[in-house]
Amino acid sequence: MRRNAARVLFAVLVVAIALFALAVREDVLSLAPWTSPGGAASPPNIVIIVMDTARQDRLSCYGYARETSPRLRELAEESTVFDRAYSTSSWTNPAHASLFTGLYPAAHGVTQEHWKMSQDLATLAEILSEHGYETMGIIENSMLSSEYGFQQGFSDYHLTSRIQKMLDRAEFNDRSETGNHATDLFLKSLRGMAPGRPFFIFVNLIAPHQPYDSSKQFMHEFVTNRDMSLVSNMWPEYYLGQKKFTPAELRHLNELYDAELLFADHLVGKMMDGLRSQGHWDNTVFIVTSDHGENIGDHGHMDHVFSLYETTVKIPLIIHDPPRFRKGVLDHSPVTLADLFPTVLDAAGVESGGYPCQGLSLLSERPPEDRAIISEYYWPVQALGRYSTEDRANRHLDAHKRTIRSITVGSRKLVWGSDGKHELFDLDEDPEELVNLLDSEDGGDELQTLEKRLAELVSSLESERKVVPVSVRTEELDEDTREALRSLGYLQ
């Protein structure tokens, strides 16, 4: 009994010390307002929020029938909204590495085969820090933990699963101000920012990543059958042929997914409100996007593994920055996550030309309509690692043991497979990618044209790689991180 009480007391003291440190930090910072070198005016604050696993076509601000994003709709009315925005991959690590570095996976080396971001890469947080920014990362997805190298450049980097674990062990589970520890940290950090010093805050919200049960008060907003307890997409069992979903189960999972989006939208709204109440909104570049989408029965797939369909790579991108981006504009330019690196640096007044970058600044040039957009999904070491050695030999997985890449030029999209199985779509006529044009008379010629352009682009990207890809063994992770990754379906 005494031992349990001591553990609780220790955890309470740890939390209290952390909160006291933040309070002291606020007082110290308030004594020394920041001024930029040479006395120049302070550049804008930067806030980037990634709604993990949010596919564009399921947000009401993009036309989805169900009201899943009322706060983003409000934001869109005062922002530039990009409706042809794409991720560079269909899973977390390579997509975030592209956002942080302005490079494609072929160049930054973070892939299904290598999950860790090299410390030799120049990141957005590092560069902004060097130019006087206070930098903070608030992370809900444990795949972005410091063990995977994503903390570099951040003066403060918080993994919220560890905060929750600490609170759980202290046996006072819910001390949240907003119902979400990431949002609590965001609001707390705003109150501690030094007057006049610009800040860069990056937030990764895990909703709507599976399991679809984090939406709390919104969980049953759209659910038609509350007696159904299913919350996981069970993708490992699904691809082994061990789980087949009924139409009712798929409908239920889709309803839960939409509730997850509504919850994430609610949290984004809380952060917008915080920026306004603290007087930061008018001088903040506020960006909302995602790292990839999700399949829930689409194309015979579950989760975001083994595919590069629009459902997994077409993402939201909303930029609120009235001095530089027009209000209430729907922009049809083909853009990618790699574009945020030079765009943010330009907005901050930092010359982006001095850093390796394969994205385009959306402030300095309009991407051409025929720009080639590519996404990459390498040999699925990470996904297959979710299975036992015995299960990896299961014939049901054979079709997915390949590298895939997609290239989209105008309305034409090629999904290329290293096993020779390719798909060609006309996104204008067939936005759901149901008709493979390779079965048509002219499909072969278009395949050759796009395949050649894809090969040339990948070769060019790879030639600019300046780092050695890095891997992390599971046993190198601490137990809390492994447990968090298991809950998200990344580890056995």
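Guide: The account below begins with the whole chain and then turns to the sheets.

This is a predicted model, in which local features need pLDDT of at least 70 and side-chain atom pairs count only at pLDDT 80 or more, while totals for chains, interfaces and linings use all residues. Residues are numbered from 1 along each chain as its sequence is written, and side-chain values use heavy atoms, with hydrogens and water left out.

The chain has 15 helices and 16 strands; these are DSSP runs numbered from the N terminus, with at least four residues for helices (H or I) and at least two for strands (E). Of its 492 residues, 57% count as buried, where buried means under 20% relative accessible area with a 1.4 Å probe, protein chains only. Among contacts (heavy atoms within 4.5 Å) between residues at least 6 apart in sequence, 72% join residues at least 24 apart.

Eight strands form an open sheet of mixed pairing, in the order 5-4-6-1-7-10-2-11; two strands pair if DSSP finds at least two bridges between them. Strand 5 (156-159) and strand 11 (329-331) stand at the edges with a single partner strand each, so one side of each is left without a neighbour in the sheet. The twist averages 10° from one strand to the next, the axes being lines fitted to C-alpha atoms, for helices over the stretch in contact, with angles from 0 to 180 degrees between N-to-C directions. Within this sheet, strand 1 (residues 45-51) and strand 6 pair in the parallel sense over six bridges, and Val50 has Asn204 in strand 6 as its bridge partner. Helix 3 (residues 92-101) packs on the sheet, touching strand 1, strand 6 and strand 7 (284-289), and its direction makes about 170° with that of strand 6. Helix 9 (residues 247-277) lies across strand 1, strand 6 and strand 7, running at about 170° to strand 1.

The loop between strand 6 (199-205) and helix 8 (235-239) contains Ser215. Ser215 counts as buried because its relative accessibility is 0%. Neighbours within four places in sequence aside, Ser215 is in contact with Ala259, Glu260 and Phe263.

Ring pairs link Phe100, Phe150, Phe154, Tyr157, Phe200 and Phe202 into a cluster; rings of Phe, Tyr and Trp (its six-membered ring) pair if their centres lie within 6.5 Å, and planes under 30 degrees apart count as stacked, over 60 as edge-to-face and the rest as tilted. The structure holds 17 aromatic pairs. One of them joins Trp281 and Phe286 in a tilted arrangement, 5.2 Å centre to centre with 55° between the planes, and both residues are buried.

A second open sheet has four strands in the order 13-14-15-16, with antiparallel pairing. Its edge strands are strand 13 (372-377) and strand 16 (423-426), each pairing on one side only, and the twist averages 15° from one strand to the next. Strand 14 (residues 404-409) and strand 15 (residues 412-417) pair over six bridges, with Val409 opposite Arg412 in strand 15. Strand 15 and strand 16 pair over four bridges, and Leu414 has Leu424 as its bridge partner in strand 16. These two strands form a hairpin with five residues between them, and Gly420 in the turn has a positive phi of about 85°. Helix 14 (residues 443-463) lies across strand 13, strand 14, strand 15 and strand 16, at about 110° to strand 14.

Technical notes: Buried < 20%, exposed > 50% of the residue type's maximum accessible area, 1.4 Å probe, protein only.
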